[in-house]
Amino acid sequence: MPYLGTTERKLAVLARIPLAAHAPPGGWGVGSGPRQGIRSHEENEMTYRKRMAAVGAAVGLLVGTAACSMNTQTGGSSGVLRVDNGADPTHLAPQQNTGSQVAMALCEPLTGLNPSTGAVEMRAATSVDSPDAQHYTIKIREGRKFHNGEDVTAHSFADAWNATAYGPNGWLGNTTFSPVAGYDEMNTTGTPAVKELSGVKVVDDHTLQVTLKTPNADFPMVLSTLGTCPMPKSGLADPKAYDNAPVGNGPYKFVKWDHNQQVVVERWEDYPGQKPDAKQIVFKVYQSPDTAYRDVQAGQLDVLRNLPTNLIKDARQSLGDKRTTEVEQQTLIVQMLVPQYVEELRDPRLRQALSMVIDREGLANALLQGGAAPAYSMLSNVANGYRDKSCAACVRDVAKAKELAAQAGGFRKPVVLWYSVGASTQYLEQVAQAVANSVRQDLGVEVQLKPVRGPELQSAYQSNALTGPVINLWGLAYPSADQFLSMFRQGGDGNEYTRYDNPAANELMRQALSAQDKATAARLWGQAEDALLADMPSVPLFFPKAFVAHSECVKVGNVYGDVQYYRSALTCQGK
């Protein structure tokens, strides 16, 4: 079995991200985990996925919920939290479903993110230190246990990482370890000669040493993702059984999986970390976000993370502000990518002209009904280095656009605009039509729409077969500028979408990743963004907004833009 590429990893992320664009097996729409890795979205339509990453609904994720009456019929008041899981999960093991809300409740990774600031916090680890952002020493807490009583040790992590990184296993979390030394040797064509990461060493039961291929100051955030979860010996011995009934080390333990109905977990009273509120969480399976929304209104569901844009207005009116929560942090971006190999659009002035005729305010506020924020930057507000309106060519200016197009000699051929079609990406078609209309009307350029299914689009990415720009939904696994910009450097996550390469920008990104000082890194990321915007391999369009609908008994668990069910607080009696 071939190893999973960056696309699958990003999909995983999307799966956890609340977006209507790609409804995956975990959400209506889509969503992803501790922000795990996310990526594109077109790719498997969710296979999740990755949920997310786009559109229409994509951009609007959410919201609403039924009132919480103080009786046992209301989940929050009885200590039982009933949440929307979207479609039936494809996997339960964290290493094989890196965007899973269920896995988030079952696993305690080495690190986590501060809910308010996004800063790294220690969880299963007591410290993650490095003198140079390339060589890391990780100290693991003593006394931690799996739900079956087995000790959680350095071997529990190292053995799980080796199994996940081994290409032939085909686990979704595979590329989590792509920065680690020895990863490439475990992901070769054919059967790899090695089965262990050379960059991971067990020093003793509570100490790991990790060597990366190149410096990466974001690695402590990588350790917060589900692909890095530990595995007990029984899980390594029988991965299939583990996938169907995971034994974790987190605040909740697995109870049962009724396929196509629900997954149930219950609070693990021996968990030494912060005790969660809900005694039990029921992840209910829904094939449609509309059905889940009706259950919220009827008091049969306590939390719905992802709601299509067409339901946002109704949710606000019928549920009210007390039961509708908007997530302020932006973890997704919808952009128009321009492949470097499309010769007729190689001139940056033509790309800038396309960008400057797009009405971003109209897309966000009218077409998407306020379910998005216009994008005037390649980075969102959660990324270190974010600067408001850093993209001058993202401001609508038709006169300037015509001038730039003329200077470049005009558009020699019709613009072929690709986008993904499917039940979970309907809004992308609306976005593509709006962009096409602006280009036709303001530049007088013919635009040919190219709707394709997810697998066909993914094939076109991999084979350099795109004949024009593509509307793309992208989500991040953790709040880092690299999660947005790495796709614009050779070898970066998602670079197969454009094949863009800029040596000067590459060097700035390398320096930014190596910088352990936040201010220095922010400055370098800003310079790298400026270098990229000069060529404009990406035309930022908008940042989808996320809304959550919930009962009055629930205070939504939001970890810096990532809604995590198990962190939700119950404000009624019966905890």
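Let me start in a loop. Glu185 sits between α4, residues 154-165, and β6. This is a predicted model, by the way. Which residues does Glu185 touch, once neighbours within four places in sequence are set aside? Pro192, Ala193 and Val194. There is also Gly167. Glu185 and Gly167 are 18 residues apart in sequence, and their C-alpha atoms are 9.3 Å apart in space.

Four strands make an open sheet, in the order β4-β5-β7-β6, and the pairing is antiparallel. Which strands stand at the edges? β4, residues 125-129, and β6, residues 200-204. Each has a single partner strand, so one side of each is left without a neighbour in the sheet. Direction ignored, neighbouring strands here are turned by 20 degrees against each other on average.

Now look at β6 with β7. Strand β7 covers residues 207-211, and it pairs with β6 in the antiparallel sense over four bridges. Two pairs to pick out on the screen. Val202 has Leu208 as its bridge partner in β7. Lys201 has Gln209. How many residues lie between β6 and β7 in their hairpin? Two. As a general point, side chains in a regular strand alternate between the two faces of the sheet.

Next, a buried residue in a helix. Val102 is in α3, residues 101-106. Its relative accessibility is 0%, so Val102 counts as buried. What is in contact with Val102, beyond its neighbours within four places in sequence? Asn85, Leu92, Val263, Val265 and Phe283. Then there is Val282. Val102 and Val282 are 180 residues apart along the chain, yet their C-alpha atoms are separated by 9.4 Å.

On to Thr324. Thr324 belongs to strand β12, residues 324-327. Thr324 counts as buried because its relative accessibility is 11%, and the cut-off is under 20%. Where does its side chain reach? To the backbone oxygen of Gly320, at 3.1 Å.

Now two residues for anyone checking backbone angles. In general, most residues other than glycine have a negative phi. Gln369 has a positive one, near 55 degrees. Gln369 lies in the loop between α11, residues 360-367, and β14, residues 372-374. Gln369 is partly exposed, with a relative accessible area of 39%. Lys389 is not a glycine, and it has a positive phi of about 55 degrees. Where is Lys389? In the loop between β14 and α12, residues 398-407. With a relative accessible area of 55%, Lys389 is exposed.

Helix α13 comes next. It runs over residues 426-443. What span should its 18 residues give at 1.5 Å a residue? 26 Å, and the end C-alpha atoms are 26 Å apart, which agrees. Its buried residues include Tyr427, Leu428, Val431, Val435 and Val439. Asp442 and Leu443 are buried in α13 too. Just after the helix, Gly444 takes a positive phi of about 65 degrees.

Last helix: α16. It has 12 residues, 503-514. From first C-alpha to last, α16 reaches 16 Å, close to the 16 Å expected at 1.5 Å a residue. Which of its residues are buried? Ala505, Asn506, Leu508, Met509, Ala512 and Leu513. Finally, look at the start of α16. A side-chain oxygen of Asn502 reaches to within 3.0 Å of the backbone nitrogen of Ala504.

That is the tour. Over to you.

How values were computed. Residues numbered from 1 in each chain as written. Predicted model: local features only at pLDDT ≥ 70, side-chain atom pairs only at ≥ 80, totals over all residues. Heavy atoms only, no water. Buried < 20%, exposed > 50% of the residue type's maximum accessible area, 1.4 Å probe, protein only. Polar contact = N/O pair within 3.5 Å; in protein donor to acceptor, adjacent residues only side chain to side chain. Expected span 1.5 Å × (residues − 1). Pairing = 2+ DSSP bridges. Axes fitted to C-alpha atoms, helices over the stretch in contact; angles between N-to-C directions. Contact = heavy atoms within 4.5 Å.
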